[in-house]
Amino acid sequence: MWNSITISTDIPQESSVRNTDLFATATENGIFDFSQVPEKPRPINLEHKRSLDERSLSELMSPRLISPRPSSRTMETFKSLDENRNSSAQNTPRSARASSEPHPMIADAWEALRRSLVYFRGKPVGTIAALDPTEDSLNYNQVFVRDFFPSALAFLMNGEPEIVKHFLLKTLRLQAWWEKRVDCFTLGEGVMPASFKVLHDPVRNSDTMIADFGESAIGRVAPVDSGFWWIILLRAYTKSTGDHSLADLPDCQRGMRLILTLCLSEGFDTFPTLLCADGCCMVDRRMGIYGYPIEIQALFFMALRCARVLLKPEGGGKEFIERIDKRLHALSYHMRNYFWLDFEQLNNIYRYKTEEYSHTAVNKFNVIPDSITDWVFDFMPMRGGYFIGNVSPARMDFRWFCLGNCIAILSSLATPEQSTRIMDLIEERWEDLVGEMPLKVSYPALEGHEWRIVTGCDPKNTRWSYHNGGSWPVLLWLFTAACIKTGRPQMARRAIELAESRLSKDGWPEYYDGKLGRFIGKQARKWQTWSVAGYLVAKMMLEDPSHLGMIALEEDKKMKPSLTRSASWIM
């Protein structure tokens with residue numbers, strides 16, 4: 001019955017990249033200033049004083065060189081500048097083809113993306129997770145909210161916003177009208193579905209939409225991230241199209257308020273972070289991320305900032321805006337101080353005293369220094385840093401999680417200095433975090449006794465596989481966006497070239513296994529839609545950096561500066 005989804009067989013079209021004026025200038029530290037980005041973004045001038053390769057891209061995109069309609073001489077200048085990048089830039093490969101020539105994978109990717117379209121009553125409403133004919137569909141024939149996000153960006157960047165609009169409205173309707181029950185318990189009114197499927201009745205010629213809010217998921221965990229992705233996508237749609245009418249609809253305003261009611265409710269928490277169960281986000285199986293996972297906190301921060309822009313003061317919106325402002329200040333302070341790890345902070349934790357009492361305590365979470373895992377001492381370079389996986393009483397999860405750190409950069413949860421140091425870390429630990437197929441979803445892998453205890457002997461999450469250190473091509477779009485925002489386009493180019501060497505030939509797998517990401521995942525679905533869409537979005541952003549404006553936020557200058565740790569209880 002699930003196989004009755006209507007699939008589009010439209011002829012693929014090449015991505016059209018709009019050439020418009022370049023006007024934005026980078027700040028002194030290389031982080032973009034989005035204060036003047038229009039509703040329909042224009043290319044952004046990149047400038048970052050780290051390598052000649054980065055400056056060449058800035059020169060190539062300089063307003064002095066580019067006019068709204070570039071002449072043939074100007075185009076030759078672009079080509080000459082691009083081909084003569086300084087080859088001494090560290091870890092920067094030379095492109096094998098001219099930038100104006102589309103890679104043959106692009107047409108293949110668009111064809112695959114269009115084949116994955118799902119229709120409801122004649123209108124496209126999303127893309128299914130995978131189209132692998134050799135495997136049982138399970139729930140891979142459904143439209144997942146988080147999976148559709150890169151597909152939505154691809155369509156927005158290609159000037160096709162209607163499918164995104166239909167998706168936003170249909171999922172909003174499911175939030176409002178679907179009964180969310182697991183056994184005898186009813187979920188919160190604001191929960192967004194993890195996924196939905198469309199059933200087609202050929203006899204009656206009718207379509208039916210069925211949602212899953214976690215009641216059918218492995219582990220029966222509600223998707224905490226779905227509501228955040230929905231708000232972020234609504235902002236991306238508004239930014240891309242310049243159309244505020246969708247976000248201003250009473251139903252959309254109500255949907256955002258319902259999501260925020262769940263997240264901003266008062267309880268027993270002493271931290272501004274969100275307490276979550278294992279498996280509540282992209283890492284959707286037991287992987288020891290229960291507590292306060294970085295992925296959820298970064299998405300929460302970004303969704304709050306997007307909602308802050310989209311909410312109207314009328315109808316109770318003013319109260320939510322005030323609550324958002326307070327939470328953003330508290331959340332940014334907490335994350336930047338307690339989740340951040342660099343060499344200096346690692347050394348501080350290593351020297352922590354325990355059993356401290358009162359507001360003067362330095363080791364506020366009573367973390368036992370002996371609990372620091374051995375690998376982190378060798379992993380942490382002198383330059384570089386990252387937001388660790390989790391912080392809670394007497395517990396620090398020092399694992400690296402790619403999605404959370406990239407979102408931290410894009411949302412400006414990370415300060416400009418922290419964003420730079422995250423990219424420094426990736427550059428220093430390229431073989432560990434990128435390897436032969438970008439990018440590691442987490443690092444390092446859990447092994448042996450730790451794997452048995454933390455995952456419950458999960459046969460899918462064996463070491464260096466799936467969410468346990470597997471390599472996921474979908475993360476390419478997030479990494480590319482973070483590279484562009486921090487002025488490191490050469491790093492994105494290098495990762496894209498790695499993906500292009502195999503991804504299409506391997507059939508667009510869901511993930512890769514092995515310490516270097518060399519092997520197609522043992523249970524990976526082929527023709528995984530978000531692997532396709534992640535590649536397309538990465539390519540389009542690198543070719544037209546103005547697209548970054550729809551998914552990146554400038555640092556909030558009005559936010560209070562971070563207080564010192566010693567003053568954290570004297571607020």
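Which residues in α3 meet which residues in α4? Trp110, Leu113 and Arg114 in α3 meet Ser151, Ala154 and Phe155 in α4, where contact means heavy atoms within 4.5 Å. This is a predicted model, in which local features need pLDDT of at least 70 and side-chain atom pairs count only at pLDDT 80 or more, while totals for chains, interfaces and linings use all residues. Residues are numbered from 1 along each chain as its sequence is written, and side-chain values use heavy atoms, with hydrogens and water left out.

**Confidence**

- The protein chain has a mean pLDDT of 85, and 80% of its residues reach 70 or more; pLDDT is the predictor's confidence in each residue, from 0 to 100.
- Residues 1-29 have pLDDT below 50, and this stretch has 85 contacts in the model beyond near neighbours in sequence.
- For residues 41-99 the pLDDT is also below 50, with 105 contacts beyond near neighbours in sequence.

**Packing of α3 and α4**

- Helix α3 (residues 104-115) packs on helix α4 (residues 145-157) at an angle of about 115°, and their axes are 12 Å apart.
- Helices (H or I, at least four residues) and strands (E, at least two) are DSSP runs, numbered from the N terminus.
- Axes are lines fitted to C-alpha atoms, for helices over the stretch in contact, and angles run from 0 to 180 degrees between N-to-C directions.
- The contact of α3 with α4 comprises four nonpolar, one polar and one charged residues; Ala, Val, Leu, Ile, Met, Phe, Trp, Tyr, Cys and Pro count as nonpolar, Asp, Glu, Lys and Arg as charged, and the others, Gly among them, as polar.

**Second largest pocket**

- A pocket is an open set of points on a 1 Å grid over the protein atoms alone, where a 1.4 Å probe fits, with protein on both sides within 12 Å along at least five of seven lines; lining residues have an atom within 4 Å of a point.
- The second largest pocket is lined by 33 residues, and Leu262, Cys263, Leu264, Ser265 and Leu274 lie nearest its centre.
- Two or more lining residues come from each of β5 (185-186), α6 (224-241), α8 (250-264) and α10 (317-339).
- The lining divides into 22 nonpolar, six polar and five charged residues.

**Backbone features**

- Pro438 and Leu439 are joined by a cis peptide bond with omega of about -10°, and Leu439 is in the loop between α15 (430-433) and β13 (442-443).
- A cis peptide bond also joins Tyr443 and Pro444, with omega of about -5°; Pro444 is in the loop between β13 and α16 (448-455).
- Asn205, a residue other than glycine, has a positive phi near 55° and lies in the loop between β6 (195-201) and β7 (206-212).
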